[in-house]
Amino acid sequence: MKLKNRITWLKWNFIMHSIQVIKPGYCDSIQDLGRFGYASIGVPVSGVMDALSAKMANALIRNSQQNAVLEMALIGPVLMFQKEAVIAISGADMSPKLNDIPVKMQTKLAVKTGDILSFGKAIYGCRSYLAVKNGFRTDKKLNSYAAFNGITDLVILKKGVIIPIGKQLKIFRFGHSSIKVDRQHFNNEVLDAYKGPEFELLTPKQQDILLTDGFQIVKNTRMAYQFADVPSLAHKCEILTSAVMPGTVQLTQSGKLMALMKDCQTTGGYPRILQLSDEAIAVLAQKNTCQKIKFKIIHL
Amino acid sequence: MNPSFKAFGSKAILIEWPPQISETILLDILLFKQKIESRFKGFYDLTTAYNSLTIFLQNPITDFDKQVAILKNIYQTPIRLSNLDHYVWQIPVCYDLEFGLDLEFYLKSKNLSLDQLIDLHTKPLYTIHFLGFLPGFPYLGGLPETLNIPRKFNPSLNVPKGSVGIGGKQTGVYTMESPGGWYVIGKTPIPFFDVNLKDPCFLKAGDKIKFFEISKDDFYKISNEIEKQNYLVKMELYHA
């Protein structure tokens, strides 16, 4: 009764919306904060790689933080809005354009029926986030929208795909809420990390190398960031397969460091020498191949 | 058995047993898991592996020592358990060259006949230590030593769903298409993971698996029955 009154009073006007993919980007997927509570049956957490930027995009249009966003990596897609919508873009700068006219990031934008939103190559950062009012509404699986192969039907956006989005308020107040980009989030090269369960397996000299050297990224996927081999970190320690999670930094016997990211498996067999903070995961998610990072130990 | 406790990042606690693959440790882990589920608060997930149990906490740890004291107390307190039953699942496997993509290579390098392999592979009662690697993928203990083979040097890019493989000292079933480094010796028509079910995975840590051989005709017949939701995996209560 109360709700019904509210709705009448506000004269909400809802329209069902969707977005069509005209041209996919390098790796676009629908993500939310993750699929929690299913690790015991081997289901990865998934979810946005850079949670800070994704939350920012949602916040700009006063979405719930549970709303799904579109994550775009390296090169963004070309999208057509099938009805008007309210959106916001945050994260890596992919020079977003609305009908070929550059638009601002970090602010609320109105798009009209038939508008084309296009993204280019990331100028800085690696992953950009598009939020739409009331979120993307693909099929929820195991309590989450986060795309994952074998769990959700839609994994990577393909040409022609139509993605449902939440109902849009026809009248939306436009203030001047834009938020400055926190450059430190993109420029920071130091990742905060806790000592991992197997940190002590490293020799003091190896610990020293791990915490003073810079490590170059050679591969970057939603599963893991891999770093260039460091022969001086080679070791002969073996562990029985055990739990891993996003942010776990594993060290292979040959001295290869791998920082596991959101799509990582739930168990792994390499020593877990560090555990990145949530913030460090978000910072790393904006790094590209060839960039270097350092690790810094933090304590509980 | 005196497990040890470590903080794993700021929002997880790792509990470890001696580094052995053993039934005794598995049962102790599962017992502790059930006690935690009924008496500990503030976690959103609880996972187990060969010799470890990980508690995923909703909030960052503020007082680690206090949490450990609570957990140690829970570990030591006897509890009346409601449901620690385990099942034996009968899993049909077709050991045919069509499905056993690496069968020829495997038999040659192990110097075994197909009959010997089937005999050795279907004999044991395999123990599910935990699920990981892929959704619903069971880590099985109990492979006869004579069937061990080092993992492939170059993993295959697309191992089909349902493939039964052997790698190192382990055997298992690929629950979905995935890259993998194990030698594929057969295929089961049973889906081990269905995201659309309320309980997507019928296998649980502590359960047992028994493989039995089926022909290619049976494979297609069972696949058909599964599609029509007309096939029930045979199972029975496990008595130690």
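Domain bounds here come from an automatic or database domain assignment. This is a predicted model, in which local features need pLDDT of at least 70, side-chain atom pairs count only at pLDDT 80 or more, and totals for chains, interfaces and linings use all residues. Residues are numbered from 1 along each chain as its sequence is written, and chains are lettered from A in the order in which they are written.

Chain A is divided into domain 1 (13-183) and domain 2 (188-297). Their C-alpha centres lie 29 Å apart. Contact means that C-beta atoms, placed from the backbone, lie within 7 Å. By that rule, 16 residues of domain 1 of chain A touch 16 residues of domain 2 of chain A. On the domain 1 side, helix H2 (51-60) and strand S10 (124-132) of chain A each supply at least two residues. S10(A) gives the largest share, three residues. Helices (H or I, at least four residues) and strands (E, at least two) are DSSP runs, numbered from the N terminus.

Chain A also meets chain B: 25 residues of chain A are in contact with 32 residues of chain B. The table sorts two contact sides by class. Ala, Val, Leu, Ile, Met, Phe, Trp, Tyr, Cys and Pro count as nonpolar, Asp, Glu, Lys and Arg as charged, and the others, Gly among them, as polar.

| Side | Residues by class |
|---|---|
| Chain A, touching chain B | 12 nonpolar, 12 polar, one charged residue |
| Domain 1 of chain A, touching domain 2 of chain A | nine nonpolar, five polar, two charged residues |

Strands S12 (residues 190-195) and S19 (residues 272-276) of chain A pair in the antiparallel sense over three bridges. Pairing requires that DSSP finds at least two bridges between two strands. Tyr194(A) stands opposite Gln275(A) in S19(A).

Technical notes: Two residues are in contact if their C-beta atoms, placed from the backbone, lie within 7 Å.
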